[in-house]
Amino acid sequence: MFKKNESGYLLVEAMVATSLLIIGLVSVAGLMSRALGLNRVVSDQFIANYLAVEGIEIIKNLIEANILAGLPWNNGISDNCYEVNYESVNLGATCSSSESQLALSFNSITGFYNYDSSGNQAPFIRSILIENSSDGNRIKVNSVVKWISRGSVEFSINLEDYFFNYR
Amino acid sequence: MKKQGFTLIELIVAFGLFAIVISIAAGGFVQIIRSYRVAAALMSANDSMALTIEQMAREMRTGYNFCEIADSTEPKIQFVNANNEVVRYKLNSSDRAIERAVSDISAPIGFNSCSNADDQWFNYQKITAANVAVTKLNIVACGNNIDPGIFLNPCGSLTTWPRITLAFSITSAEPEVERLGISIDAQTTISARNIAELPAPAPAP
């Protein structure tokens with residue numbers, strides 16, 4: 001049916017070309033799903049950043065409260081990993097084991113993140129790590145917020161601050 | 001039978017396949033461009049909001065006499081800033097913006113007055129950019145206050161330092177983002193830094 005001296009394309013060749021095109025497009029589809037996930041990444045990073053800042057501010061607040069109450073500046077702020085929320089008046093609960101750390105829950109009615117069981121589980125896990133210097137005049141605070149985003153990629157924000165016994 | 005090029009059938013089939021593939025691909029590309037645009041709109045809304053929150057946080061850190069004014073739709077916070085001006089921040093729920101006001105110089109309100117009725121002395125101005133829509137703002141101020149005339153939530157115990165928690169929901173004002181119903185719910189806490197106006201600390205036990 002076909003002869004050797006044919007010139008020009010055949011249907012088979014056209015199909016090979018289109019399938020190559022399809023392979024190219026599959027990678028484009030991969031890019032597409034990445035782009036669709038970008039919204040989540042952008043908003044999660046924004047939220048996590050503020051939650052991490054909150055952790056540092058709460059520790060600052062607890063130090064000031066100690067001074068206001070006439071207590072030693074680092075009263076109750078001992079080395080450990082803690083789960084504090086915006087209403088905490090002391091460091092309270094230490095972190096659960098590193099694998100099953102308690103995530104913050106978000107109450108959609110009040111709009112607040114805390115460890116209250118009334119809210120919905122949010123993806124953010126915040127741990128406040130305290131490290132006192134040996135002379136007791138400096139506290140190093142790390143506020144780490146971890147979360148799992150789309151495609152089970154783990155993100156984390158680690159803010160570090162130092163507080164000094166300057167009074 | 002010696003072919004010189006395409007037959008008509010081959011040409012039609014090849015073109016048909018090509019058209020199908022290209023239309024799918026074009027749809028995909030349009031989707032990619034759209035979602036990048038949404039992500040860019042969200043990022044710029046976040047940046048605008050970050051600036052507003054930074055401004056509020058800075059003024060609150062150096063402020064004192066905090067007082068939250070209960071209002072179900074438009075929560076407000078009042079305090080005295082570092083320049084000894086009475087400042088209020090509120091959510092404008094119809095414009096979906098955060099607004100700031102300094103009390104009128106002739107206002108007969110002192111640093112320890114805190115009521116919704118005083119709002120007539122405040123001329124609010126929008127401080128959020130047009131590209132961000134603030135749909136919710138919740139303010140909790142707790143801790144000891146410097147002025148005994150204003151009471152804050154005790155924050156669990158009486159000896160706590162003033163602490164203000166802001167919880168806000170934002171979205172981009174871009175219609176494309178709003179149609180997707182993306183809402184960003186964030187929260188941050190500010191601890192006041194002002195110690196100048198504090199009463200003498202209680203004697204150590």
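Visitor: How many salt bridges does the rule find across the interface of chain A and chain B?

Guide: In this predicted model, side-chain atom pairs count only at pLDDT 80 or more, local features need at least 70, and totals for chains, interfaces and linings use all residues. Residues are numbered from 1 along each chain as written, chains are lettered from A in the order written, and side-chain values use heavy atoms without hydrogens and water. A salt bridge requires a side-chain nitrogen of Lys or Arg within 4 Å of a carboxyl oxygen of Asp or Glu. Between chain A and chain B, the number found is 2.

Visitor: Which side chain meets B:Arg193 in a salt bridge?

Guide: The partner of B:Arg193 belongs to chain A. The N to O distance is 3.0 Å, and the residue is A:Glu57.

Visitor: How many residues of chain B are in contact with chain A?

Guide: Contact means heavy atoms within 4.5 Å. Chain A takes part with 54 residues, and chain B with 62.

Visitor: Which three residues supply more than any other three of the area that chain A buries against chain B?

Guide: Buried area is the accessible area (1.4 Å probe) that two parts lose on being put together, summed over both. The two chains bury about 4,900 Å², 65% of it on carbon and sulfur atoms. Of the area that chain A buries, 14% comes from A:Phe46, A:Tyr50 and A:Leu68.

Visitor: Is B:Asn65 buried or exposed?

Guide: Buried means under 20% relative accessible area, exposed over 50%, and partly exposed in between (1.4 Å probe, protein chains only). The relative accessibility of B:Asn65 is 3%, so this residue is buried.
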